[in-house]
Amino acid sequence: VAQAVAVLDSLEASLCLDLDQIWAAGCSNGAMFLHELARDPRSAGRLAGIAGMVGSVHRGFNTGPTATMSYLSMLGKNDRTVPPFTKGRQSNGLENEPDIIVDTQNRRGGWYYHSAESVSSVWADRLSCDPVRTPTKEWGLDRF
């Protein structure tokens, strides 16, 4: 986080930026890191939002943002490395943790993540937004 804040400080000092429109974006592990930027008080208040692609929050770190910001997450519904949905994916003794999903590509146990539904629900709660809408057929998402 300190390095990302230092980069932002440098950019603000040398460029003309609209400080109300600073977004952080990342893919895979970079998308996972975005959640830390949204949580950490050194960076959270400086961001208008985060946009992550194919990366979720590791088990135990689903705390949501510490400042008001927008959230965009792009996930692959058939992704087996960071599967976004819990339906049909509970294994490895996770029956008692319905919001946790597991990397099914790794044969040695895999990594554990919070589901897309769980992450969105925490963000909605922290930001006092409407409850999470379930994807529907009109969005082209008729099965999970």
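Which residues of H3 are buried? They are Ala116, Ser118, Val119, Trp123 and Ala124, where buried means under 20% relative accessible area, exposed over 50% and partly exposed in between, with a 1.4 Å probe and protein chains only. Keep in mind that this is a predicted model, where local features need pLDDT of at least 70, side-chain atom pairs count only at pLDDT 80 or more, and totals for chains, interfaces and linings use all residues. Residues are numbered from 1 along each chain as its sequence is written, and side-chain values use heavy atoms, with hydrogens and water left out.

**Helix H3 and its surroundings**
- Helices (H or I, at least four residues) and strands (E, at least two) are DSSP runs, numbered from the N terminus.
- The buried residues of H3 pack against H2, strand S2 (49-53), strand S3 (70-74) and strand S5 (112-114).
- Just after H3 comes serine 128, with a positive phi of about 55 degrees.

**The core**
- A nonpolar core is a set of buried Ala, Val, Leu, Ile, Met, Phe, Trp, Tyr and Cys residues joined through side-chain atoms within 4.5 Å.
- The largest one has 16 residues, and those touching the most other members are Ala24, Leu37, Leu47, Ile50, Met69 and Trp123.
- Helix H1 (2-14), helix H2 (29-39) and helix H3 (116-126) each supply at least two residues of this core, and H2 gives the most, with 3 residues.
- Leaving aside residues up to four places away in sequence, methionine 69 touches Ala38, Ala44, Leu47, Ala48, Gly49, Ile50, Trp123 and Leu127; contact here means heavy atoms within 4.5 Å.

**The spaces**
- On a 1 Å grid over the protein atoms alone, a cavity is a set of points where a 1.4 Å probe fits but cannot get out, a pocket is an open set with protein on both sides within 12 Å along at least five of seven lines, and lining residues have an atom within 4 Å of a point.
- There is 1 cavity of 30 Å³ or more, and the largest cavity holds about 40 Å³ of space.
- His35, Val57, Phe61, Asn62, Thr63, Gly64 and Pro65 line the largest cavity.
- The second largest pocket holds about 300 Å³ of space, and of its 18 lining residues, Ala4, Trp23, Ala24, Leu37 and Leu47 are the closest to its centre.
- H1, strand S1 (23-27) and H2 each supply at least two residues of that pocket's lining, with H1 giving the most, 5 residues.
- A volume is the space filled by probe spheres set on the grid points, which are joined across faces, edges and corners.
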